[in-house]
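Please have the sequence and the model in view as I speak.

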Amino acid sequence: MGGVHPEENKISTNAVIEQMPLPKQVAVLMNQHLGAPATPIVAKGDKVKVGQLIAEAQAFMCANIHSPVSGTVNKIDTCKDMVGLPKTAIYIDVEGDEWMESIDRTPDIKRECTLEPKEIVAKLKEMGIVGLGGATFPAHIKYSVPEGKKAEYLIINAAECEPYLTSDHRVMMEHAEEICIGVSILRKALGVPNAYIGIESNKPEPIRVMTEMARTFEGIIVEPLVVKYPQGAEKQLINSITGRKVPSGKLPIDVGCVVSNIGTTFAVYEAVQKNKPLIENILTVTGKKLPSQHNYQCRIGITYNDIIKHALGQLPETTGKVISGGTMMGKAISNLDAPTTKGASSVLVMDENEARRRPESNCIRCGKCINACPMGLEPYLFSALVKNDRIEEAQAHNILDCIECGCCFFSCPANKPLTDEIRLGKNKVRAMMAAKK
Amino acid sequence: MILTAVLVLGLIGIFFAIVLYFVAQKFKVLEDPLIDEIAEVLPGANCGGCGKAGCRAMAEAFVKQGNMDGLKCPAGGEEVARKVAELLGCTPEISDPMVAVVRCNGSCGNATAKNNYDGLADCAFANSVYVGESGCAFGCLGLGNCAKACQFGALSMDPETGLPVVDEEKCTACGACVKACPRGIIELRKKGVKNRRVYVACRNKEKGAVARKWCTAACIGCGKCEKTCPFGAIKVENNLAYIDFNLCRLCRKCVAECPTGAIHAVNFPPLPPKKEAPAADAAPAKEKVEAAAPAPEPEKAPVQNNPTY
């Protein structure tokens with residue numbers, strides 16, 4: 001149902017993953033994941049090593065945070081995140097690159113995992129693994145299946161349907177074996193017979209590499225998917241692979257599915273087999289007008305400015321927007337001095353013409369947004385309801401089902417910011433529900 | 001033929017008329033005519049400032065209660081309160097007239113835009129996605145939700161400064177704009193003697209140096225005003241000064257003291273030269289006595305004969 005076909009623009013596909021040099025200072029934000037912020041357990045002046053636990057998850061919905069560098073804690077202070085809002089962060093001055101002894105830094109690939117399912121989940125929690133598909137959902141919660149529910153499918157999202165992004169593509173090309181081990185570990189944690197890796201069929205190379213690798217593993221199946229945005233969205237992916245539909249207001253586990261991103265499986269491999277916490281992520285630096293395209297492995301906490309400086313020297317003069325994420329769901333970065341977080345996946349530089357929103361006109365009731373909506377909603381209706389503050393009606397029309405994929409805005413010939421309006425509506429509905437409680 | 005038809009229809013008509021008459025008698029809803037009368041007196045804007053669903057709901061509440069205790073039409077003010085009291089036959093509850101005050105001075109000049117926003121023109125949405133064009137996480141976003149919320153046309157966005165402007169004459173202090181602002185910038189404050197008010201036009205709770213990075217007119221929480229205030233009306237909390245309008249005697253010492261100009265004094269004549277400062281000190285003491293009276297009448301401004309004003 002629904003979906004659109006935006007220009008793919010995967011121009012950084014062939015850029016091999018490079019190592020980003022260490023910055024002088026990093027700022028590690030305390031809320032890099034969905035849920036409550038972590039609590040710092042280091043103080044100013046403390047010496048830390050790479051991979052040392054620096055902030056602990058004390059709430060239920062929270063994840064541990066480890067130091068991405070070695071050095072001295074400079075301060076624990078407020079730090080502006082990429083949209084400029086003040087958050088708590090630990091600032092660390094980088095000195096050398098001294099890793100924790102417990103981390104296995106050898107290049108050998110370890111296939112055997114002797115841990116029990118419960119131990120695997122505990123390991124994910126200890127290593128601060130979160131979902132790297134965008135929502136940064138803490139992995140240990142996802143893989144602790146609630147009682148009374150049973151996981152039947154493990155689905156790995158490698159669709160990478162967002163335009164421009166190529167980090168997942170590169171990880172598959174370069175770390176296929178590690179990914180398959182990671183998938184096996186997650187399969188063991190859930191106790192499911194088969195894991196499915198869904199890849200959009202416009203990526204023949206990764207499909208070939210992954211299929212060949214998967215043959216040497218038990219219970220890993222690579223599924224080529226139809227090219228359509230948002231193929232990688234959780235509910236759409238479940239539908240494409242299993243044929244099941246997640247009912248409104250329910251979670252994938254309610255239909256026996258658990259979905260993880262391909263990037264997460266690589267992090268899981270490193271955490272479980274190599275004892276390496278989530279301290280690095282892979283970022284695409286791309287843009288049509290840029291002289292060069294890159295994929296980098298960066299330490300978390302490096303600022304966007306540091307990345308741009310290393311990759312491009314400086315931003316081109318015609319830059320209109322810098323976006324974290326792809327063109328469909330990414331967020332414009334208003335503060336380039338902000339540090340990267342666990343969920344960051346790209347730095348997309350758009351020039352003025354590309355970034356400009358086209359002028360808005362009135363809705364002509366053409367219904368294109370309805371055809372485009374992958375959730376079967378009526379975006380034009382929400383637009384009118386939200387504008388007139390008819391929040392209860394919007395709720396009755398399942399506004400909360402919206403996954404904010406941006407298909408409606410993309411397809412609208414009147415250029416109405418439908419996704420923005422729906423997001424506003426969702427906020428209002430949530431506020432109303434909170435007030436009612 | 002025609003006669004039969006007329007006869008049959010006529011009889012049916014009479015039958016239903018009788019049925020309807022008795023049903024109407026049986027299920028008669030008795031409504032106090034006073035509700036209509038009071039609804040007539042109320043402003044009729046359905047602004048929701050009273051907390052009721054609209055003016056008629058408020059009129060019903062008045063009649064049900066029989067007096068005005070705890071019920072107040074902020075939009076109607078004193079005049080409406082008196083009329084309603086007359087109709088209800090009770091004493092009116094009259095409080096000090098209030099007015100909406102915009103506590104942000106992040107104009108285009110003071111808080112220059114560090115980025116451009118081109119998303120949905122709605123403050124609540126912009127507030128949920130990012131910090132704002134100036135970079136100040138507490139300042140006005142300038143997209144005019146307050147102006148859209150105002151039913152009385154008292155708020156407008158100034159295209160020069162990008163900030164909302166309150167028309168004191170039209171503002172009824174219904175509080176709709178206060179609820180509409182996602183950043184809590186607008187506050188209802190006492191209208192003050194001769195419409196004169198002193199307030200801190202800033203909401204930034206960041207440390208001084210950080211706040212100044214976004215806006216040259218930000219309150220930096222230096223505490224000079226708190227020390228200067230002879231009446232203890234100013235408190236600095238979380239790097240932000242707040243003037244309690246119930247304690248403020250409009251002496252304007254803090255205005256002169258503020259290093260960033262974050263404290264605003266409106267509707268005052270220009271400050272006298274510095275050497276006359278001692279005379280200015282005398283004014284508040286005099287004012288203090290009269291302003292403390294329960295319902296000061298703005299017309300009899302206690303400071304009108306004072307040479308410093």
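This is a predicted model: local features need pLDDT of at least 70, side-chain atom pairs count only at pLDDT 80 or more; totals for chains, interfaces and linings use all residues.

Residues are numbered from 1 along each chain as its sequence is written, and chains are lettered from A and ligands numbered from 1 in the order in which they are written.

Let me begin with the domains. Chain A is divided into domain 1, residues 1–14 + 103–356, and domain 2, residues 368–436; these bounds come from an automatic or database domain assignment. The C-alpha centres of the two domains of chain A lie 27 Å apart. In chain A, 12 residues of domain 1 are in contact with 14 residues of domain 2, contact being defined as C-beta atoms, placed from the backbone, within 7 Å. The side of domain 1 of chain A that touches domain 2 of chain A has 8 nonpolar, 4 polar and no charged residues. Here Ala, Val, Leu, Ile, Met, Phe, Trp, Tyr, Cys and Pro count as nonpolar, Asp, Glu, Lys and Arg as charged, and the others, Gly among them, as polar.

I turn now to the strands. Helices (H or I, at least four residues) and strands (E, at least two) are DSSP runs, numbered from the N terminus, and two strands pair if DSSP finds at least two bridges between them. Strand E7 (residues 71–80) of chain A pairs with strand E8 (residues 86–94) of chain A in the antiparallel sense, over 9 bridges. Within this pairing, Thr78(A) stands opposite Thr88(A). The hairpin of E7(A) and E8(A) has 5 residues between the strands, and Gly84(A) there takes a positive phi near 90°.

Next comes helix H7 (residues 262–274) of chain A. A residue is buried if 20 or more other C-beta atoms, placed from the backbone, lie within 10 Å of its own. Among the buried residues are Phe266(A), Tyr269(A) and Glu270(A). Asn275(A), which follows H7(A), has a positive phi near 65°.

Finally, the contact between chains takes 14 residues from chain B and 12 residues from chain A. On the side of chain B that touches chain A, 7 residues are nonpolar, 4 polar and 3 charged.

How values were computed:
Two residues are in contact if their C-beta atoms, placed from the backbone, lie within 7 Å. A residue is buried if 20 or more other C-beta atoms lie within 10 Å of its own, exposed if 12 or fewer, and partly exposed in between; C-beta atoms are placed from the backbone.
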